[in-house]
Amino acid sequence: MTTQYSNLVNSESKSALVKSLQDWRSPVSDYSAETFVPLLNILDPKSNTLAYAQVLVDALGLAVSVNEFETLAEPLSRFATQIQLEQVESFPEILRRLTRALAQMAQLSENNAQACTVLVDMVGALNQQMALTRLPPMTIGDIIQHKQRLGVGSSHGVRLTPLHIECLRQCLLARRRWLYERVANEVVATRLDAIGRLDTQRLRPFLEYHHYAGMVCAGLGRMEQALQMWRMVFAVPTRFVSAIQIASFKRFTLAHAIVHGKRGTLPPMFVPAHVRSIESVAAAYVALADVCASRQLGTAVKTVRDMNSELVSDGNAGLAQRLLDELPAHCVRACADVYTRLPLKHLAQVVKFSDHPRGGAGDGADDVVDALGRYIQEMNDPCVVLEETDAGIMVVRFVDAQATVPPVQGATQSASIPGVPLETQWSVAIAARAQEANVLQKYLQELDHHLALTRDYVSRSRDV
């Protein structure tokens with residue numbers, strides 16, 4: 001190898017190594033990717049993280065074939081599990097270089113799953129090391145003494161890196177469910193600590209990360225978690241409306257309609273003028289959510305069909321289809337506000353199930369009723385009970401949500417009134433609430449005791 005690589009590998013101090021990386025110009029015009037493999041095998045990624053990463057970046061930049069990428073698979077895997085946070089923090093730019101190299105590898109090799117797997121390992125190793133620097137939770141005494149921690153998150157606890165965002169992006173491009181589950185459990189589920197002041201260099205990564213994280217959760221059907229991620233996109237102040245916020249709002253609107261059957265509201269701290277601007281751009285999505293809230297199946301189906309081109313271009317066709325699948329369930333549950341018991345045939349007429357694709361498979365009314373019966377069974381909702389009377393008529397009975405207490409082990413369900421909780425079940429539920437109330441009461445007593453020790457409280461008490 002050249003003298004430049006020798007100086008990089010044999011740097012006498014960390015400052016000399018960082019200086020070499022800052023002025024780095026890859027002398028790779030006369031080399032191939034395989035040329036770097038012997039050097040990578042000699043280097044220890046744990047003790048020479050920065051040098052190893054730069055050599056790896058240069059090798060990935062030269063790789064153009066699948067065979068060359070496979071040659072670098074073992075060094076990549078070794079580096080992913082042994083990357084050292086302390087060395088990376090001395091020159092964070094190396095993470096950006098590595099991110100670009102891995103994105104290029106995924107594009108050229110057309111193997112996003114491989115790139116995502118490497119990125120998950122790297123992010124997991126970094127998260128584990130960053131978690132060791134996490135500050136302990138603030139105690140009541142710290143709060144009383146006004147010990148603020150604003151802005152300390154930039155150097156403590158788990159924080160975002162370019163690898164985190166690229167990991168989520170490659171996961172979405174790979175479209176592998178097992179990767180979705182791994183990323184959701186190992187990356188998205190890891191709590192991010194405070195990241196200090198959100199300047200322009202940190203704001204975009206913050207928005208991108210939560211936007212992609214919401215898409216990963218939605219791909220697994222975890223809509224509540226997806227809503228939490230997309231809400232975070234609007235939890236930070238911005239001077240202008242971002243394209244990321246518009247895209248997140250569209251998905252947030254569809255997901256909220258899937259879960260709750262209506263349009264959602266953005267966090268109150270978000271600028272009202274920005275809310276109006278975003279809603280005007282995503283007016284079609286807002287109109288669709290309002291139609292869903294009115295429980296008009298036919299109109300909702302027609303609206304989705306009219307929006308098909310926009311949904312496809314936005315990448316939201318799957319969420320829209322999921323919304324159509326869940327909308328009849330919201331219509332059925334809404335009937336509980338008016339009815340306690342309703343024949344299945346009449347329920348099909350009330351919700352106009354024939355206007356829905358699930359109810360239009362047959363030509364007759366009986367086919368629609370049977371389709372609704374199968375749909376209610378698939379709902380698996382304890383508050384919507386499908387039963388048959390002695391006369392052979394299928395009836396839907398609506399049970400109050402507060403009456404659906406978890407069954408007690410060893411208790412038997414009443415055969416005469418199925419779905420109604422037993423007295424023992426109510427007693428267990430009441431005992432659990434009483435225990436919860438006792439815990440809260442004890443916590444309030446501790447707060448009152450700490451409050452009584454403060455100088456302000458004591459001084460006011462003496463004045464009285």
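Modeller: The second largest pocket comes out at about 510 Å³. On a 1 Å grid over the protein atoms alone, a pocket is an open set of points with protein on both sides within 12 Å along at least five of seven lines, and lining residues have an atom within 4 Å of a point. The volume is the space filled by probe spheres (1.4 Å) set on the points.

This is a predicted model, where local features need pLDDT of at least 70, side-chain atom pairs count only at pLDDT 80 or more, and totals for chains, interfaces and linings use all residues. Numbering starts from 1 along each chain as its sequence is written, and side-chain values use heavy atoms, with hydrogens and water left out.

So who's in the lining? There are 20 residues, with Leu 172, Tyr 180, Met 215, Gly 219 and Gly 315 nearest the centre. At least two residues each come from H11 (162-174), H12 (177-188), H13 (200-219), H14 (223-232) and H20 (317-334); helices here are DSSP runs (H or I, at least four residues) numbered from the N terminus. H13 gives the most, four residues. By class, the lining has 10 nonpolar, four polar and six charged residues, with Ala, Val, Leu, Ile, Met, Phe, Trp, Tyr, Cys and Pro as nonpolar, Asp, Glu, Lys and Arg as charged, and the others, Gly among them, as polar.

Follow H20 and you meet another helix: Leu 297, Ala 300, Val 301 and Val 304 in H18 touch Ala 320, Leu 324, Leu 327, Pro 328 and Cys 331 in H20 (contact: heavy atoms within 4.5 Å). That contact divides into nine nonpolar, no polar and no charged residues.

As for confidence, pLDDT (the predictor's confidence in each residue, from 0 to 100) averages 82, and 81% of the residues score at least 70.
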